[in-house]
Amino acid sequence: MNAMHGEVRQQLLHRRKTLLALRDLHRLAAEAVEDSGAPEWVDRAVALEEKQMIARLDALERWALHEVDQALERLRPDDTVQCEACGATVEPERLHALPEARRCLCCAARTR
Ligand SMILES: [Zn+2]
């Protein structure tokens with residue numbers, strides 16, 4: 001049995017948890033900016049900038065979360081992934097380094 005069995009899934013689940021925690025944190029930060037009710041235009045400009053930054057972070061996190069969810073769906077029960085291009089099993093080393101990998105090394109190199 002593969003020594004890394006289950007590790008890719010663990011890695012993905014851990015990443016998922018971290019992303020969800022980060023998202024909650026940023027949503028709280030966004031609410032705090034909302035609630036500060038800064039009266040001065042300078043404060044409002046700063047608040048707007050913060051809000052935009054938080055919105056960008058939120059979009060990034062949503063994208064990353066989507067990637068992790070898709071990777072979890074691709075992951076077979078034996079903790080391997082089928083290359084979406086050639087159907088071969090993605091190398092465990094590659095998956096270990098990049099759990100979101102969709103393609104084997106050969107196919108990834110070809111399409112780069
Ligand atoms: Zn391939």
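View 1. The model is a predicted one, in which local features need pLDDT of at least 70 and side-chain atom pairs count only at pLDDT 80 or more, whereas totals for chains, interfaces and linings use all residues. Residues are numbered from 1 along each chain as its sequence is written. G6 has its place in the segment before α1, helices being DSSP runs of H or I with at least four residues and strands runs of E with at least two, numbered from the N terminus. Between the C-alpha atoms of G6 and W41, which are 35 residues apart along the chain, the separation is 53 Å.

**View 2. The whole protein, with 4 helices and 0 strands.** Along the sequence the pattern reads α-α-α-α. The radius of gyration of the protein, taken over C-alpha atoms, is 19 Å, while a compact globule of 112 residues would have one near 13 Å, by the rule of 2.2 Å times the number of residues to the power 0.38. Taken along the principal axes, the box filled by the C-alpha atoms is roughly 60 × 30 × 20 Å. Of the 112 residues, 12% are buried. Among contacts with a separation of 6 or more, 55% join residues 24 or more positions apart, a contact being a pair whose C-beta atoms, placed from the backbone, lie within 7 Å.

**View 3. The pairing of α1 and α2.** The axes of α1 and α2 come within 9 Å and cross at roughly 160°, the axes being lines fitted to C-alpha atoms over the stretch in contact and the angles running from 0 to 180 degrees between N-to-C directions. The two helices are therefore roughly antiparallel, a description that applies to angles over 145 degrees. Their crossing is left-handed, meaning that the near helix is turned anticlockwise from the far one by less than a right angle. Residues of α1 that take part in the meeting include L12, R15, R16, L19 and L22, and those of α2 include E61, A64, L65, V68 and A71. Beyond its neighbours within four places in sequence, L19 is in contact with E61, A64, L65 and V68.

**View 4. The largest nonpolar core, with A71 as one of its residues.** This core has 10 residues, namely V8, L12, L19, V68, A71, V81, V90, L95, A101 and C104, and the term denotes buried Ala, Val, Leu, Ile, Met, Phe, Trp, Tyr and Cys residues joined through C-beta atoms within 7 Å. Helices α1 (7-35) and α2 (41-74) each supply at least two of the core residues, and α1 gives the most, with 3 residues. In soluble globular proteins, nonpolar side chains tend to be buried together. A71 lies in helix α2 and is buried, because 22 other C-beta atoms lie within 10 Å. Leaving aside neighbours within four places in sequence, A71 is in contact with L12, P99 and E100. A71 and A101 are 30 residues apart in sequence, and their C-alpha atoms are 7.5 Å apart in space.

**View 5. D79, in the loop between α2 and α3 (92-97).** D79 is not a glycine, yet has a positive phi of about 70°. D79 is buried, because 20 other C-beta atoms lie within 10 Å.

Methods. Two residues are in contact if their C-beta atoms, placed from the backbone, lie within 7 Å. Angles under 35 degrees count as roughly parallel, over 145 as roughly antiparallel, 65 to 115 as roughly perpendicular and the rest as oblique.
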